[in-house]
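Thank you all for coming; I would like to take a few minutes to walk through one model with you. Please have a look at it first, and then I will go through what was computed from it.

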Amino acid sequence: MIPKLMRSGVLLSAALAIVSLVPSVPSQSAPGLTESELKAVFLLRLPQFVSWPDEQSGTIFCIAPATELSSLLQEIVASEPKGREVRPLLPGQINNCDIVFGSLSDTVEDLAAVRGVLWVSDQPGFARDGGMVELKRNGARMRMLINLKVLESAGLRASSKLLQLSEVVGDLPEDA
Amino acid sequence: MLSRVRQQSIHRHLAKVGAFITSLVGGIFLVVLLGVSLVSSREELLESTSALTSVLASNLTASVAFRDPATAAELLSGLDAVPDVLEAMLFLPDGTAFAYYRPGNLPSTNLPDQGYLETLTIPVQLEREQIATLRVKVDLWPVYQRLIWVSLLAALLWLVGILAAYILSRTLNARITQPLSALAGMMSEVTDREDYSRRFSYEQNNELGLVVDAFNELMERTEDREQRLKAMITALVKARDEAEAAARSKTSFLANMSHEIRTPMNGIMGMIALLQRGELSTQQRAYFETIERSSEALLTIIDDILDFTKIEAGRLVLIREPFDLFDSIASIEALFVETAKQKGLALKVDISQAVPQRIVGDPGRIRQVLLNLIGNAIKFTDQGSVSLSVRVLDNQTLPALKFTVADTGPGILPEDEERIFGEFFQADVSLTRAHGGTGLGLAIAQQLVTLMQGSIGYAPNPVGGSHFWFDIPLMEAPSNEVLGPAISALTASQARAEMARLGRLTNTDSADAAPEVSEKKQIGSSAYELNVLVAEDSEVNQFIIRELLVEWGVNVSVVADGAAAVEAFKSEGFDLILMDIQMPKMDGLEATRLIRSLQRKESINTDCIVVGLSAHAMSGDREKYMAEGMADYLTKPIRPAALQAILDACLKHQVE
């Protein structure tokens with residue numbers, strides 16, 4: 001009784017609309033979170049939208065110690081059963097890390113030589129200057145700038161959902 | 001008309017049945033289809049919406065995870081392409097609203113909580129962790145609306161279908177009912193015209209064909225039967241006509257024979273009467289009396305046969321007149337007294353006090369029945385008594401007179417009781433030999449009583465002997481009516497005949513009895529000073545009457561036909577005319593009519609009376625003669641006593 005063709009058309013157009021990339025628009029900030037808390041949330045969530053070249057059981061966060069963010073992360077990770085870990089960012093031990101939060105100045109090794117490590121920073125211009133994911137403060141909101149070429153050259157892949165929320169900077173990957 | 005009505009009703013009935021079945025099946029089909037359609041389209045909508053929102057929920061994970069409500073709202077706005085979604089809300093696990101969507105054309109007020117709003121709740125999961133809940137409100141109203149339209153359309157189609165089924169059914173049924181109505185029409189035609197040669201033609205081999213075959217078979221048989229019936233009826237009518245003709249010729253033969261026998265008997269009797277007047281030895285007188293009795297007996301038999309044939313032919317007409325019942329019974333008693341005494345029998349008459357003296361009826365016929373019953377009783381009873389009792393039966397709807405004649409004779413055998421009133425029946429052949437008789441007496445009595453609307457019967461006398469009874473409707477005569485003198489005259493004139501009949505009835509010695517010497521009959525010697533005209537064509541009768549009248553000193557003139565009689569009446573003053581009924585040229589009735597007319601209109605000889613002479617001894621003729629103006633009539637053969645009684649009556653008439 002109900003025309004099926006019409007309904008399939010509706011379905012198709014709806015699906016297309018949802019999966020299409022939409023430009024980000026300014027909106028109100030997430031309520032009640034400090035900047036550090038927001039950064040912690042971003043760091044903790046990132047592994048869920050990024051795939052590593054080798055399967056790993058837990059995620060090791062490496063971060064400069066004695067910061068508000070590191071203690072916050074430490075606190076959160078300690079309270080959960082997951083195999084996540086927060087370590088101090090030490091030179092020469094980057095290979096053990098899955099996610100590194102630091103500035104370009106902290107880069108002790110050539111980024112290109114280090115595979116399988118997601119490099120995140122809140123340093124402005126980080127992504128454009130050869131970092132992978134830059135957390136950029138925009139009013140009350142936090143935005144991500146992703147240098148996809150650098151990210152992928154490290155053997156990582158960012159989920160489309162992540163890219164949807166982020167701004168891609170720098171050159172596009174050659175295979176893209 | 002009736003068949004048309006019936007046809008239409010079958011026609012319509014079948015069409016209605018067709019339409020009803022169509023509507024029922026179609027209705028059920030429609031209801032099921034609509035129900036299924038409602039459920040399935042609702043499920044389909046919810047499922048598709050659910051699938052879309054699941055995809056949406058998956059896409060929302062990042063924006064929820066990274067606290068990006070703007071992107072979430074952006075994603076939600078993709079639902080614009082789904083018009084059935086009226087609202088979408090994204091909740092964080094703590095219950096705070098994260099993102100919100102409404103189609104652009106809807107106001108932002110709260111949606112009414114309607115029955116056709118369905119809420120879908122889809123979890124937003126990130127690696128098995130529910131990070132938010134997406135709640136979508138789906139509008140089912142378009143689905144329902146479509147269904148309503150579809151239902152209306154379906155209902156319309158359903159009604160059209162019923163109508164179409166009805167019309168189609170009627171059209172198709174007409175092919176069945178049309179031959180049926182034709183058959184019904186033929187049936188009523190056959191019934192009306194009784195034309196059984198019709199056949200119905202219907203060439204199809206179905207149930208109706210069987211009916212038609214049966215009908216044609218029935219018609220064939222009916223036609224056959226009808227033809228046989230017609231042939232049978234024709235044969236029966238022919239047989240009946242033949243039988244009736246035979247019966248008529250028998251009756252006619254009997255009547256003719258009786259008449260033919262009477263005519264010579266008249267001569268014999270008249271001559272005997274004349275001879276008896278002459279000087280005879282005692283021996284000769286005894287012989288003559290035997291001849292006379294034999295002749296009387298013969299005449300009685302002939303009279304019986306004449307009566308019987310006349311009744312059988314239905315030509316006997318009863319008269320209704322007032323008369324004195326007591327007188328009648330007294331005269332009957334007087335007739336039998338002598339005979340009973342001779343046989344040593346007691347004759348008793350018992351009339352109930354309730355019986356009226358004067359009644360209305362046919363006195364002659366009542367008398368005939370009574371004479372017959374009493375005559376039989378006396379004839380067959382050798383000792384004891386014969387009794388007549390008359391009672392009034394008023395326990396019935398109409399009062400009736402019941403006459404009972406009881407005797408102490410041999411009675412009737414039980415096996416004969418049924419047959420005694422049949423013609424020619426006689427109780428015992430040996431008795432018949434002894435007593436004679438035609439065997440017609442009781443048959444005549446029964447027919448007379450039946451004619452009088454009464455009944456007659458027999459019952460064994462409890463003290464032995466027979467017990468005959470008859471009853472007739474009782475009609476009391478008004479007391480002021482006077483009996484005419486003609487009847488007295490008649491009674492007198494018939495007395496002699498009845499005496500003769502009695503002799504036949506009661507005398508066991510009958511006609512073949514040994515001669516017996518009786519005292520010489522004394523006829524009154526005083527001369528009648530009367531002028532009498534005799535109109536009679538038979539010379540024998542002329543001779544006899546003339547001889548008798550001359551001997552009595554009567555002045556006699558004789559003519560041979562009616563016309564001469566009228567002429568003679570005009571020219572001479574006669575006191576009495578003896579008028580034969582059957583004469584050449586002008587018969588006695590015609591002549592009498594002319595004479596009476598002359599008497600009335602021209603006052604010619606008004607004192608003259610006319611008395612008929614008839615060879616027909618049949619009752620019923622008498623009324624005819626009276627109607628023509630005759631004062632009385634004499635039955636031939638003329639008996640001296642009867643003639644003398646007429647002369648006496650005439651003299652008396654003149655004195656008055």
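This is a predicted model: local features need pLDDT of at least 70, side-chain atom pairs count only at pLDDT 80 or more; totals for chains, interfaces and linings use all residues.

Let me turn to two loop residues. B:Arg67 sits in the loop that runs between helix 1 (2–65) and helix 2 (69–77) of chain B, and its phi is near 55°, a positive value in a residue other than glycine. B:Glu194, in the loop between helix 3 (141–193) and helix 4 (207–277) of chain B, likewise has a positive phi, near 55°, and is not a glycine.

Which of these is buried and which exposed? B:Arg67 is buried, because 22 other C-beta atoms lie within 10 Å, whereas B:Glu194 counts as exposed, because it has 9 C-beta neighbours inside 10 Å.

Finally, the helix pair. Helix 7 (residues 363–380) and helix 9 (residues 441–451) of chain B pack at an angle of about 145°, their axes being 10 Å apart, and the crossing is left-handed. Helix 7 contributes B:Arg365, B:Gln368, B:Val369, B:Asn372, B:Leu373 and B:Asn376 to the contact, while helix 9 contributes B:Gly441, B:Ala445, B:Leu448 and B:Val449.

Definitions and conventions: Residues are numbered from 1 along each chain as its sequence is written. Chains are lettered from A and ligands numbered from 1 in the order in which they are written. Helices (H or I, at least four residues) and strands (E, at least two) are DSSP runs, numbered from the N terminus. A residue is buried if 20 or more other C-beta atoms lie within 10 Å of its own, exposed if 12 or fewer, and partly exposed in between; C-beta atoms are placed from the backbone. Axes are lines fitted to C-alpha atoms, for helices over the stretch in contact, and angles run from 0 to 180 degrees between N-to-C directions. A crossing is left-handed if the near helix is turned anticlockwise from the far one by less than a right angle, and right-handed if clockwise. Two residues are in contact if their C-beta atoms, placed from the backbone, lie within 7 Å.
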